Amino acid sequence: MAKVSINIATGSVQKEEIIVGIDLGTTNSLVAFINPEGQPQVINDTGKGVLVPSVVHFQSDGGLIVGNEAKEFLISDPQNTIFSVKRLLGRSFKDIQEHSNLFSYKIIDDDSESLVKIKAGDKYFTPIELSGMILKELKERAEHALKTLVNRAVITVPAYFNDSQRQATRDAGKLAGLDVLRIVNEPTAASLAYGIGLDPEEEKIIAVYDLGGGTFDVSILKIQNGIFEVLSTNGDTFLGGDDFDRAIVNYWIEQNQLGDRAKDSSLNQALRLKAEEAKKALTTQNIFNGFVDNIPCAITKQKFEELILSRVEQTITCCKNALKDASLNITDIQEVVMVGGSTRTPLVKQMVAAFFEKEVHDQINPDEVVALGAAIQSDILAGNRKDILLLDVTPLSLGIETMGGLMDVIIPRNAKVPAKAGRQYTTSIDGQINMKISVFQGERDLVSENRKLAEFDLKGIPAMPAGFPKVDINFRLNADGILTVEAVELRSGVKQEVEVKPTYGLTDEQVEKMLIDSIENAKDDVSRRMLIEARTEGEQMVYTVEHFLEKNSEQVSEQETEDTQKLIGNLKSALGSGDKDLIHKSIDELNEFTRPFAERLMNTAISSAMKGKAIE
Ligand code: ADP
Ligand code: MG
């Protein structure tokens with residue numbers, strides 16, 4: 001294993017090594033790097049194209065395909081072809097329930113607040129693993145094109161991504177064998193690609209309008225001292241270029257009076273592809289003529305604009321709301337940056353420019369701009385840009401221990417100092433009145449391999465069922481490197497605080513060693529963590545169902561009890577097996593079987609028991 005040099009000041013790698021920027025999109029993903037001339041450039045691996053559709057297909061023989069080839073299976077094998085996985089990243093089933101019909105593959109609906117899983121064949125996958133597969137494909141394409149190993153990356157996420165979605169993105173990177181130097185907001189990256197915010201003297205307020213394949217968001221950013229602050233975000237996570245395609249398809253169906261014939265899914269899909277072709281053509285032409293199975297598919301630009309007008313108006317309403325939330329007027333916005341393939345549509349550009357009353361930035365390819373900006377961010381982190389002052393950053397991640405001895409990062413490595421972050425936790429046992437809070441520093445997934453900084457008890461939590469207490473843990477790292485950890489139980493107000501200096505007694509060599517260890521063990525670490533998470537979920541399930549049976553024996557028939565016990569037995573032996581898939585399968589079966597009991601009783605205990613992450 002080659003030795004890597006790490007810049008202690010930034011916790012990042014010393015130059016000479018290529019660090020890539022990755023735009024992990026809902027529809028398309030791509031990777032960019034800084035070329036020897038110092039310019040950001042997208043990677044086009046031997047004619048495969050720059051954009052890699054974010055689609056994963058599982059073949060019946062166990063093989064895996066990612067990208068364009070996988071996209072073709074969306075029609076022929078929809079159950080085993082996963083698209084839009086970004087929508088599921090870091091989310092629970094409850095979060096996505098109302099849209100679950102949009103996914104052709106099986107999402108495990110375990111009725112809990114734990115993170116979703118997807119079933120393909122007889123295997124269970126988390127969105128983290130699936131995103132990891134896309135990232136691995138991007139990494140391999142970059143390595144192939146650049147003829148060098150690529151181990152480090154900056155990955156972008158939407159500005160509205162929450163903490164859990166960001167953590168999931170980091171983990172996906174780890175699984176792909178990437179050391180994720182930083183998670184950057186997509187609008188920030190797009191702005192950097194236009195050179196906005198590179199000059200630390202610059203103070204600006206900008207709007208970034210991002211219309212992709214299936215999602216729309218607009219962010220208002222304030223740039224000051226090289227820091228990008230998100231003042232507001234707005235949007236619609238189910239509005240994008242796909243809607244434009246659908247509008248054209250519906251128009252053709254009506255024009256050709258296709259009626260029931262259009263229900264045929266392969267014809268519908270063929271029409272959809274033709275519609276996308278028409279839409280793209282209409283960015284530069286005034287009319288499109290084509291055929292699908294002898295069906296004439298013609299449309300004028302004028303008609304197209306009429307069809308999509310209300311959708312584009314919707315995005316303008318979001319822009320208005322974003323301004324309102326930021327308490328700003330149109331005249332406060334100094335620059336408008338266009339992002340996402342769908343902003344190529346002239347009507348979109350015109351309406352956005354008209355609304356903001358200024359010309360928009362659209363010179364850079366809108367589906368590449370985020371990846372290009374991510375590459376610039378990686379270059380800054382690598383310390384290659386002498387003109388840019390690197391702000392003080394945390395050399396190692398700071399977090400706490402959660403169930404199963406896992407490290408839950410609260411302030412990630414490379415975060416700017418001063419930093420503030422927090423998260424909510426809960427208890428795992430009924431009537432738990434004390435909570436031990438252990439603070440750790442380091443990059444490994446198991447706290448036993450990290451450095452312990454402090455430990456304290458939050459005492460006097462009123463006795464409540466497991467999952468009910470709400471414990472906020474807040475980390476504040478000040479400019480002098482002093483970390484204050486505060487824990488407060490919100491229902492009772494019980495509070496406890498501790499102060500430590502994370503860098504105390506830590507040598508540069510130790511920091512370097514901790515980083516190298518984490519990079520070398522990243523993949524194993526994530527796999528171990530996933531197994532521990534599956535076990536924790538399984539153990540809680542056993543605990544919950546056993547309690548449920550005890551308390552409600554009269555409500556469940558003898559046969560049902562017996563069958564449930566059998567499924568509990570299966571789950572218990574799966575827990576001992578170390579096989580993550582088997583554990584998920586057993587949880588799934590027990591869930592399916594016991595769900596009607598809970599519904600029958602309208603008992604909240606069974607569903608509330610798994611709320612939030614629990615600390616032992
Ligand atoms: P995401 O960020 O969601 O992954 P992209 O930014 O890659 O998505 O945008 C994909 C969308 O852009 C698709 O709906 C695609 O049809 C649309 N698109 C690509 N090129 C054009 C074009 N020339 N005109 C209009 N729409 C386009
Ligand atoms: Mg995008």
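Predicted model: local features only at pLDDT ≥ 70, side-chain atom pairs only at ≥ 80, totals over all residues.
**Entry 1: the mixed sheet**

I started with the sheet that holds β15. It is an open sheet of 4 strands, ordered β17-β16-β15-β20, and its pairing is mixed. I looked up which strands stand at the edges. They are β17 (227-236) and β20 (335-339); each has a single partner strand, so one side of each has no neighbour in the sheet. From one strand to the next, the twist averages 20°.

I then went through the pairs. Strand β15 (residues 204-211) and strand β16 (residues 216-224) run antiparallel and are joined by 8 bridges.

The hairpin of β16 and β17 has 2 residues between the strands, and in it Asn 225 takes a positive phi near 50°.

Is β16 enclosed or open to the outside? I counted its burial: 7 of its 9 residues are buried, so β16 is largely enclosed by the rest of the structure.

**Entry 2: the antiparallel sheet**

I turned to a sheet with the strand order β22-β21-β24-β25. It is open, has 4 strands, and its pairing is antiparallel. The edge strands are β22 (406-411) and β25 (451-458); with a single partner strand each, they have one side left without a neighbour in the sheet. Direction ignored, neighbouring strands here are turned by 30° against each other on average.

I looked at one pair in detail. Strand β24 (residues 435-441) runs antiparallel to β25, and 7 bridges join the two. In this pair, Gln 441 stands opposite Arg 451 in β25. I also asked which helix packs on this sheet. I found helix α12 (residues 508-551), which touches β22, β24 and β25; the direction of α12 makes about 115° with that of β22.

**Entry 3: helix α8**

I checked the length of helix α8 (residues 265-281). At 1.5 Å a residue, its 17 residues should span 24 Å, and the end C-alpha atoms are 24 Å apart, so the two agree.

I listed its buried residues next: Leu 267, Gln 269, Leu 271, Lys 274, Ala 275, Ala 278, Lys 279 and Ala 281. The elements that cover them include α2 (73-76), α7 (241-255), β18 (287-292), β19 (295-300) and α9 (301-325). I kept the helix geometry in mind while reading that list. An α-helix has 3.6 residues a turn, so residues three or four places apart point the same way.

**Entry 4: the nonpolar cores**

I looked up which residues have the most contacts inside the largest nonpolar core. That core has 48 residues, and the residues in question are Ile 220, Trp 252, Leu 271, Ile 299, Ile 333, Val 352 and Phe 356. Helix α9 gives the most to this core, with 8 residues. A second, separate core has 45 residues, among them Val 66, Val 157, Leu 175 and Ile 183.

I took Ile 299 from the largest core for a closer look. Beyond its neighbours within four places in sequence, Ile 299 is in contact with Ile 248, Tyr 251, Trp 252, Ala 278, Leu 282, Ile 287, Phe 288, Phe 304 and Leu 307.

I followed Leu 175 out of the second core. Leu 175 lies in helix α5 (residues 163-175). Its relative accessible area is 13%, under the 20% cut-off, so Leu 175 counts as buried. Leaving aside neighbours within four places in sequence, its contacts are Ile 128, Glu 129, Lys 523, Val 526, Ser 527 and Met 530. I noted the separation from Val 526: 351 residues in sequence, but 6.5 Å in space, C-alpha to C-alpha.

I moved on to Glu 129, which lies in helix α4 (residues 127-146). Is this glutamate buried or exposed? Glu 129 has 15% relative accessibility and counts as buried. I then looked for polar partners of its side chain. One polar atom of that side chain lies 2.9 Å from the backbone nitrogen of Thr 126. The Glu 129 side chain also makes a polar contact with the side chain of Lys 580, at 3.0 Å. With neighbours within four places in sequence set aside, Glu 129 is in contact with Tyr 124, Leu 175, Met 530 and Lys 580.

Conventions: Residues numbered from 1 in each chain as written. Chains lettered and ligands numbered in written order. Heavy atoms only, no water. Pairing = 2+ DSSP bridges. Axes fitted to C-alpha atoms, helices over the stretch in contact; angles between N-to-C directions. Buried < 20%, exposed > 50% of the residue type's maximum accessible area, 1.4 Å probe, protein only. Polar contact = N/O pair within 3.5 Å; in protein donor to acceptor, adjacent residues only side chain to side chain. Contact = heavy atoms within 4.5 Å. Expected span 1.5 Å × (residues − 1). Core = buried A, V, L, I, M, F, W, Y, C linked by side-chain atoms within 4.5 Å.
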